[in-house]
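Please find below a short note on the model under review.

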Amino acid sequence: MTSENESEQAAEATDDTQASPVHAVRPVDPGSVHVLFEPETTKVVLTGEIDAELGPDLLEAADDALSTARPIEVDSHLVTFMDSTGVAFLARLASRASRRVVLLDPPDVVRFLIETTRISSLLDVVTRQDAPEADAGS
């Protein structure tokens, strides 16, 4: 048997769940960083939100990429957000690499940040052209 107080609490909970959503925010796109050791280059792949939460992983990735002494390419085409943590990561790579770092396909958010902070002068920014659809089936 439920008490009157418990019934009121249950009604309040029901009313809360029927109200408009409190957290109507965009879905979180967690960031990630992966270092791929290819025969001729070291490729760093950034995806999602590149922010302070990813900071320790970015430091480790920078150390791993720099330790190879191969040319470094940073593929950023899947980045959806970047804060100063990501900018610092790119600056770290650019200032410590033995060769110029190549930034592949930066989205507008990344391009804006590297141009505003003038880090673009330390990087080779490359926009790859999509392969023709005729070649996609080969």
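Where does alanine 69 lie?

1. Alanine 69 lies in the loop that links H2 to S3. The model is a predicted one, and in it alanine 69 adopts a positive phi of about 60° although the residue is not a glycine.

2. On the overall architecture, the protein chain contains 5 helices and 5 strands. Read from the N terminus, the elements follow the order α-β-β-α-β-α-β-α-β-α. Of the 138 residues in the protein chain, 33% are buried. The accessible surface of the chain amounts to about 9,100 Å², and carbon and sulfur atoms account for 53% of that surface. When contacts between residues at least 6 apart in sequence are considered, 64% of them join residues at least 24 apart.

3. Two packed helices are described by the angle between their axes and the distance between the axes. Here, the axes of H2 (residues 55-67) and H3 (residues 84-96) come within 10 Å and cross at roughly 15°. An angle under 35 degrees counts as roughly parallel, and H2 and H3 are therefore roughly parallel to each other. The crossing of H2 past H3 is right-handed.

4. Which residues of H2 and H3 meet? From H2, the contact involves Gly55, Leu58, Leu59, Ala61, Ala62, Asp63, Ala65 and Leu66. From H3, the partners are Thr85, Phe89, Arg92, Leu93 and Arg96. Sorted by class, the contact of H2 with H3 comprises 8 nonpolar, 2 polar and 3 charged residues.

5. Alanine 88 also belongs to helix H3. Its relative accessible area is 44%, so alanine 88 is partly exposed.

6. Is serine 76 buried or exposed? Serine 76, a residue of strand S3 (residues 72-82), has a relative accessible area of 0% and is therefore buried. Beyond residues up to four places away in sequence, serine 76 touches Leu46, Leu103, Leu104, Asp105, Pro106, Pro107 and Val110.

7. Aspartate 105 has a positive phi of about 50° although it is not a glycine. With a relative accessible area of 14%, aspartate 105 falls under the 20% cut-off and is therefore buried.

8. Leucine 78 is a further residue of strand S3. A relative accessible area of 45% makes leucine 78 partly exposed. Leaving aside neighbours within four places in sequence, leucine 78 is in contact with Leu46, Thr47 and Gly48.

9. What does arginine 99 touch, not counting residues up to four places away in sequence? Its contacts are Ala69, Arg70 and Pro71. Arginine 99 is found in the loop between H3 and S4, while Ala69 lies in the loop between H2 and S3. Arginine 99 and arginine 70 are 29 residues apart in sequence, and their C-alpha atoms are 8.1 Å apart in space. The relative accessible area of arginine 99 is 46%, so this residue is partly exposed.

Technical notes
Residues numbered from 1 in each chain as written. Predicted model: local features only at pLDDT ≥ 70, side-chain atom pairs only at ≥ 80, totals over all residues. Heavy atoms only, no water. Helix = DSSP H or I, 4+ residues; strand = E, 2+ residues; numbered from the N terminus. Buried < 20%, exposed > 50% of the residue type's maximum accessible area, 1.4 Å probe, protein only. Contact = heavy atoms within 4.5 Å. Areas by Shrake-Rupley, 256 points an atom, 1.4 Å probe, with all protein chains shown as cover. Axes fitted to C-alpha atoms, helices over the stretch in contact; angles between N-to-C directions. Parallel < 35°, antiparallel > 145°, perpendicular 65-115°, else oblique. Left-handed = near helix turned anticlockwise from the far one by under 90°. Nonpolar A, V, L, I, M, F, W, Y, C, P; charged D, E, K, R; others polar.
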